Amino acid sequence: KERPISASGGGPSYGGKYDPTCKVGEAMLPKDEAHIAMTYSALCALRILGDDLKKVDKKAIVSSLKLLQRENGCFRCATSEEDDMRFMYCACVISDMLGDWSGVNKEAAVKYIVESQAFDGGIGLRIGAEGHGGTTYCAVASLVLMGRLDALKDYDGLVRWCVYGQGQGFVGRPNKPPDSCYSFWIGATMMMLGVYDLTAANDNRHFNLRCQTKWGGFGKYPDVHPDILHSYFGICGLSMMGMDGLRPIDPVWGITQRAAGKEKKKN
């Protein structure tokens, strides 16, 4: 008899041996527990592979989210670990994928996100932090998933911050060099805000293609070694720019529309 898919071994920070024979809920190491980012990644991987998530222990995952949300509305990655906007996003996508938001206090989450918007329009890792392309994406996507994009205190400032984050490519913060992964982080943010037409698509596409290496993958910058993260998000960015041969991306979940079940059917 097959058992439900759940966390089996490994720790939130130091890792551990994976043992598929261990019982559900059995700790492989002292204080062993699941990690919210790995849960998000695992669910995305299952969707990409065409899984219907029926074997996933949804109740256990949703229950764990309640333990990870702090009183200020933000989420920890694990019960004794750090909390910031990245894990807020993970919690929101997980809830949306599983179709169960009972593990999230939306009112507190929205309040935290709104209070994390910086003076220049960008949104930081946490309240009081500098605006950053990655955390701005996480914040905006979370608001979209909760149906509260209207709660932003400075929409125009956010759009301006995103638009000014373009040079030859997108940058994550002011006065930083362009980086291929931000073609997704900021590009997807602008798409969710309904202003993707304000991107310099040709320049951004040219920059991303310059980041592709002779080994096939994409690097952070041109002429550096490739890595998986920048290869994935560089391709996502090119997809949003309309490059032929690439599947359309869902800017909210960060996977293809096909994998997200949101692909438009052809007549």
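Ala259 is found in helix α10, where helices (H or I, at least four residues) and strands (E, at least two) are DSSP runs numbered from the N terminus. The model is a predicted one, in which local features need pLDDT of at least 70 and side-chain atom pairs count only at pLDDT 80 or more, while totals for chains, interfaces and linings use all residues. Residues are numbered from 1 along each chain as its sequence is written, and side-chain values use heavy atoms, with hydrogens and water left out.

Ala259 is buried, with a relative accessible area of 2%, because buried means under 20% relative accessible area, as computed with a 1.4 Å probe on protein chains only. Contacts, defined by heavy atoms within 4.5 Å, join Ala259 to Arg47 and Ile48 when residues up to four places away in sequence are not counted. The C-alpha atoms of Ala259 and Arg47 are separated by 5.3 Å, although the two residues lie 212 residues apart along the chain.

Helix α1 has 13 residues and reaches 18 Å from its first C-alpha to its last, close to the 18 Å expected at 1.5 Å a residue, the expected span being 1.5 Å times one less than the number of residues. The buried residues of α1 are Ile36, Ala37, Thr39, Tyr40, Leu43, Cys44, Leu46 and Arg47, and what covers them includes α2 (58–68), α3, β2 (255–256) and α10 (257–260). Just after α1, Gly50 takes a positive phi of about 90 degrees.

A nonpolar core is taken as a set of buried Ala, Val, Leu, Ile, Met, Phe, Trp, Tyr and Cys residues joined through side-chain atoms within 4.5 Å. Of the 74 residues in the largest such core, Ile36, Phe75, Met85, Ile94, Tyr137, Phe184 and Trp253 touch the most other members, and the largest share of this core, 11 residues, comes from helix α3 (residues 85–98). Among the contacts of Trp253, with residues up to four places away in sequence not counted, are Tyr40, Cys44 and Arg47, as well as Tyr89, Val93 and Tyr137.

Pockets were located on a 1 Å grid over the protein atoms alone, a pocket being an open set of points where a 1.4 Å probe fits, with protein on both sides within 12 Å along at least five of seven lines, and lining residues having an atom within 4 Å of a point. Of the 25 residues that line the second largest pocket, the closest to its centre are Tyr40, Ser41, Trp185, Leu229 and Phe233. The largest share of this lining, six residues, comes from α1.

Key
Buried means under 20% relative accessible area, exposed over 50%, partly exposed in between (1.4 Å probe, protein chains only).
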